[in-house]
Amino acid sequence: MSQHAGQVEPQSRPFLGPGPGPGPGRSAQPTPPAKGKAEAAIVVGAADDVFPLAARRALASLNREAARQRRAQRAEQSRRRKAKRTVAVDSSRAKTSTEALRICVQQLKWREFPTGRHLFCDIYWHGVSFHDGEVSCASQVNKYPGMMEMTRKINFSRAVRTMQELFPDEYKFYPRSWILPEEYQHFVDQVRLSKENDSSWKPTFIVKPDGGSQGDGIYLIKDSSDIRIMSSLHSKPAVVQEYISKPFLIDRLKFDIRLYVLLKSIDPLEIYIAKDGLSRFCTEPYQEPNSRNFHRVFMHLTNYSLNVHSGNFVHSDSANTGSKRTFSSILAKLSLRGYDVKKVWSDIITLVIRAIIALIPELKVYHQMYIPPGKPGPTCFQILGFDILLMKNLKPVLLEVNANPSMRIEHEQEIAPGVFEYVPSPVDEEVKVAVIRDTLRLIDPTLKKNVSQTQSTEYSAENDGEDTTESDAQSKSEASSGAVQNWPPLCLKQVFPKYTRQFSYLLIVERIALLFIRFLGIKGTLKLGPTGFRTFIRTCKLSNSNLPMASVDILYIDIARRWNIIRGERGESGMCLQAFMDAIFHMAQRRYKSQPLRQQVEALVNFCEYQLEALDEKHFLHNRTPDLKPSLTMIHPERPRSGAVSNVHLLNRMSTSNRLLTSSLPVSMDKQHVKSMNRRVTACSPAGSISPNGRGSLGCRFCRNNNQSCSVVGLNDVRSQQVKLTQMLHSCATWYSM
Ligand code: ADP
């Protein structure tokens, strides 16, 4: 035995490719073959010595080929294994979406758990809110915490109002609104003033109860004194809004558009718009409002739930007739009549992005409360329903955003007088199933994670304005993950970050929210306490002789109390985000007098971020090697600078706004970023100097370009830093296409 082993061992070393031929001292004689497994080893091992070079090369190439095949086989097996992993969807709380969701899950060959599952599922589909039920940390859920609250009529109007104060021109798509009861007097005064200024102005207003839906409790008025809820103002909060009295009509009927929007992620912001939606028609020919027709709901309100009860409601299986049609059929009609349909789409995309930007700051506050950063938690996405009205000139107006748009694919039909039954609705099915299925395709947990990130980089950096290959990317990703192939192109079109460049300057309120979140301190709260506010003032060095700490305390108490009364939270303490923004606006106006509000606020936010950067920088330098220290020059945002400057503060501002300490980045990455920023900034500004933040101009802080849309970008995460830097804050295309 030992003798046999002794013969085999020296020759059984693996064959590693063409080796040297038989050299001096090597035997050219073939070794007699041994038995069994050792036999093959002897032959292969002996090749070195026995076979001619060509034969050894052929053998090596065969070996390589075999190894390649083995690798391919293993890859295929793993792909098949992955493909076999069925995505589990918990639909037990899907409510009215159940039917459409079931169809989609079947189409995707995923697995539905209609009564829930003992083990955790990949996706939880909730019918109402994030809090509908328990969700696993590693799962995805189709609702964001706080979305329900934020899309209520009053909260949404407030969020848009804040944006209107800063960007009045950009937020004209939302009708002028007043919140009742708190702004009743303001409403009366403003209307009187407007009438005095323009005697031909004969407005109509629509009163909508907060939290109402399906047209419930809505009525029209001509004069502020007509508000019915005056008697019980405190019990019935509502929004009173300018009524769009000249809508675009088709067949003399008023209609609105229900558009589906997927908010795939809030950090980084990712928005998709469905290419098709629904148009819901009134059932009585439209007349401009007057006191004789105010009460005619079938003429003024487009709600399906109301009009379906009118004798004139037309159920149709066709997408382009009847009282509910696809939006694409309307666009086709408009196009035939020679209207510029692309412009309509472009305006709608702008409206959607701006509306979501208004919602995001508060959503982030809710998000950190329920899913604290850095802690495990579910990933959220949400389909929103945008209700849009086209004015006579085809300009879109936003009526409201629905956190829970109906995903029902049946409609009510009167089968006998007063007896209604649900029957399948082909138009609803066509639009809604596509929206849900493509949402699932986009969030598919078996897909490679980098799809959307790749897209965003490509879109924002290079392909702005082009209808690029996002569905190609999706299909490739689906194919590579072994997911279902040969799907139609996605019906959901990415619009953000695709159009980041044109909208990034609106993110100033989000930056205020990030400051707020940073000082919230204890997780699980939506309100900033007095200590948190003082710490914010101290850390950002906002207190000075003009604003001593005593005044800061008074400011806090005043604003916090006012907002708690406004929000009906009288007994509660703490400062909500809206109150914090109020405080920021107030301090900005005091500090930067004689500038427009937007510039004042921007300057203050820059200043605060700079102070936080400086602090983070201190920590950063503390932990760094000494040779790096001299290269990091901090530039005060309110002091002029000269000569070449380092852009490190910019990097830090970005990381600060993301609550990510620069010191948490690996050195190489850090240096790389600074280097790449230097390169880009130099390319943008040959002088190599960075214009001071917020000093006198709203121009690009890199190149001193005074372009109004050149504002400071807020960054969502480190990954997107490079993307955003490449945008360099220059606006170009202003049309967005579907
Ligand atoms: P709800 O949530 O109760 O449906 P909406 O805000 O959607 O409330 O309003 C219901 C309907 O009233 C809309 O579908 C639309 O037809 C009409 N409407 C609402 N606001 C306006 C407005 N400002 N101008 C014209 N019509 C409006």
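Helix 6 (residues 153-166) lies across strand 5, strand 6 and strand 8 and runs at about 135 degrees to strand 5. Contact here means heavy atoms within 4.5 Å. Angles run from 0 to 180 degrees between N-to-C directions, with axes fitted as lines to C-alpha atoms, for helices over the stretch in contact. Helices (H or I, at least four residues) and strands (E, at least two) are DSSP runs, numbered from the N terminus. This is a predicted model, in which local features need pLDDT of at least 70 and side-chain atom pairs count only at pLDDT 80 or more, while totals for chains, interfaces and linings use all residues. Residues are numbered from 1 along each chain as its sequence is written, and side-chain values use heavy atoms, with hydrogens and water left out.

Helix 7 (residues 184-197) also lies across strand 5, strand 6 and strand 8, running at about 145 degrees to strand 5. These strands belong to an open sheet of 4 strands in the order 5-8-6-7, with antiparallel pairing; two strands pair if DSSP finds at least two bridges between them. Strand 5 (177-180) and strand 7 (219-221) are the edge strands, each with a single partner, so one side of each has no neighbour in the sheet. From one strand to the next, the twist averages 25 degrees. Strand 6 and strand 7 run antiparallel and are joined by 3 bridges, and valine 207 stands opposite tyrosine 219 in strand 7.

Another open sheet has 5 strands in the order 2-1-3-4-14, and its pairing is parallel. Its edges are strand 2 (111-113) and strand 14 (379-380); each has a single partner strand, so one side of each is left without a neighbour in the sheet. Strand 14 pairs with strand 4 (residues 140-141) in the parallel sense over 2 bridges, and glutamine 140 has threonine 379 as its bridge partner in strand 14.

Turning to the ligand, 23 residues surround it, the closest being Lys208, Gly215, Thr302, Asn303 and Glu400; a residue is near if one of its heavy atoms lies within 4 Å. Strand 6 (205-209), strand 8 (238-242), strand 10 (253-266), strand 15 (382-390) and strand 16 (396-402) each supply at least two residues of this shell. An oxygen atom of the ligand is 2.7 Å from an N or O atom in the side chain of threonine 302, and a ligand nitrogen atom is 3.0 Å from a side-chain N or O atom of glutamine 241. A polar contact is a pair of N or O atoms within 3.5 Å.

Methods
A polar contact is a pair of N or O atoms within 3.5 Å; within protein, one must be able to donate a hydrogen and the other to accept it, and residues adjacent in sequence count only if both atoms are side-chain atoms.
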